[in-house]
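Student: I have a structure to read, and I am new to this. Can you take me through how to read its features?

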Amino acid sequence: MEYTVNKLSKMSGVSARTLRYYDEIGLLRPVRVASSGYRLYGQNELDTLQQILFYRELGFPLDEIKSILYAPEFDRAKAFERHLAELSIKRERLDLLMNNVAKSMSTMKGETTMTDNEKFEGFKQSLIDGNEQKYGSEIRSKYGDEAVNASNAKLKGLTQEQYDESEQLRIAYEGKLKEAVETGNPAGESAQQACDLHRRWLCVFYPSYSKEYHKGLGEMYVSDERFKVNYEKIAPGCAEFFRDAINVYCG
């Protein structure tokens, strides 16, 4: 059975305008275009749209979804397994947040008491889950499950004061890094100060800090586009500059 844009839109909840846009960017092509000019979609296209919606629900950008779906090694059965696992994590995260809201309301009414750490349960887990979804496979393959699990446990145990301190360190090292890039000297004073602030920030989260670990992160900031784009927002060429500065710092 084939569906026009309007019929597919009504069935899926995806607007006709969005379906046309997916066609324009090559994310979801119709199986054929009728002589009347109508785009027609078959079963394969419906299955592809279902996958697109799963990935969108999990927060993937369209260009990344396209790369995943049209990769030669894409396996639909394995994709469903990953969707189920990631949606389970998302459900657990929502349950934590809902429990946080319920506890907060109960505390306001004087029915229960809530510790300062309890006030932030769910939020820190949300941060951990988000990092796992975006970077988990790369980080775990590079540093091992034990190191990553220890880091996650440390993050969950942070007090609000410790977390605030980490944010101040992050803002400080990013500001110093922007200043350092303008000098063009990764071995200069500003660059090395940025690296030291970065080390202090890392130590808040990663109990097994080492110079090799620090240097490995510098390389990842360049080789992995998801990391690189964050540093390129600070200044053009920042990722490579920071890697070189870290190599000097840890040299």
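Tutor: Start with helix axes: they are lines fitted to C-alpha atoms over the stretch in contact, and angles run from 0 to 180 degrees between N-to-C directions. Two packed helices are described by the angle between their axes and the distance between the axes. Helices (H or I, at least four residues) and strands (E, at least two) are DSSP runs, numbered from the N terminus. In this model, which is predicted, α10 and α11 pack at an angle of about 90°, with axes 5 Å apart.

Student: What should I know about the numbers before we go on?

Tutor: Residues are numbered from 1 along each chain as its sequence is written, and side-chain values use heavy atoms, with hydrogens and water left out. As the model is predicted, local features need pLDDT of at least 70 and side-chain atom pairs count only at pLDDT 80 or more, while totals for chains, interfaces and linings use all residues.

Student: How are α10 and α11 oriented to each other?

Tutor: Angles under 35 degrees count as roughly parallel, over 145 as roughly antiparallel, 65 to 115 as roughly perpendicular, and the rest as oblique. α10 and α11 are therefore roughly perpendicular.

Student: Which residues make the contact of α10 with α11?

Tutor: Contact means heavy atoms within 4.5 Å. Met-220, Tyr-221, Val-222 and Ser-223 come from α10, and Glu-225, Phe-227, Lys-228 and Tyr-231 from α11. Now sort by class: Ala, Val, Leu, Ile, Met, Phe, Trp, Tyr, Cys and Pro count as nonpolar, Asp, Glu, Lys and Arg as charged, and the others, Gly among them, as polar. The contact of α10 with α11 has five nonpolar, one polar and two charged residues.

Student: At what angle do α11 and α12 pack?

Tutor: Helix α11 (residues 225–232) and helix α12 (residues 238–249) pack at about 100°, with their axes 7 Å apart. That makes α11 roughly perpendicular to α12. Lys-228, Tyr-231 and Glu-232 of α11 meet Cys-238, Ala-239, Glu-240 and Phe-242 of α12. By class, this contact of α11 with α12 has four nonpolar, no polar and three charged residues.

Student: Which residues touch the most other members of the largest nonpolar core?

Tutor: First, buried means under 20% relative accessible area, exposed over 50%, partly exposed in between (1.4 Å probe, protein chains only). A nonpolar core is a set of buried Ala, Val, Leu, Ile, Met, Phe, Trp, Tyr and Cys residues joined through side-chain atoms within 4.5 Å. The largest has 29 residues, and Leu-177, Tyr-231, Cys-238 and Phe-242 touch the most other members. α8 (160–183), α9 (189–205), α10 (211–223), α11 and α12 each give two or more residues to this core. The largest share, eight residues, comes from α9. Apart from this core lies another, of 20 residues, among them Tyr-3 and Phe-60.

Student: What is Leu-177 in contact with, leaving aside neighbours within four places in sequence?

Tutor: Its contacts are Ala-194, Tyr-231, Ile-234, Cys-238, Phe-241 and Phe-242.

Student: Is Gly-42 buried or exposed?

Tutor: Gly-42 has 9% relative accessibility, so it counts as buried. Gly-42 sits in the loop between β3 (39–41) and α3 (43–57). Leaving aside neighbours within four places in sequence, Gly-42 is in contact with Met-1 and Val-31.

Student: How many helices and strands does the chain have?

Tutor: The chain has 12 helices and three strands. Buried residues make up 35% of its 251 residues.
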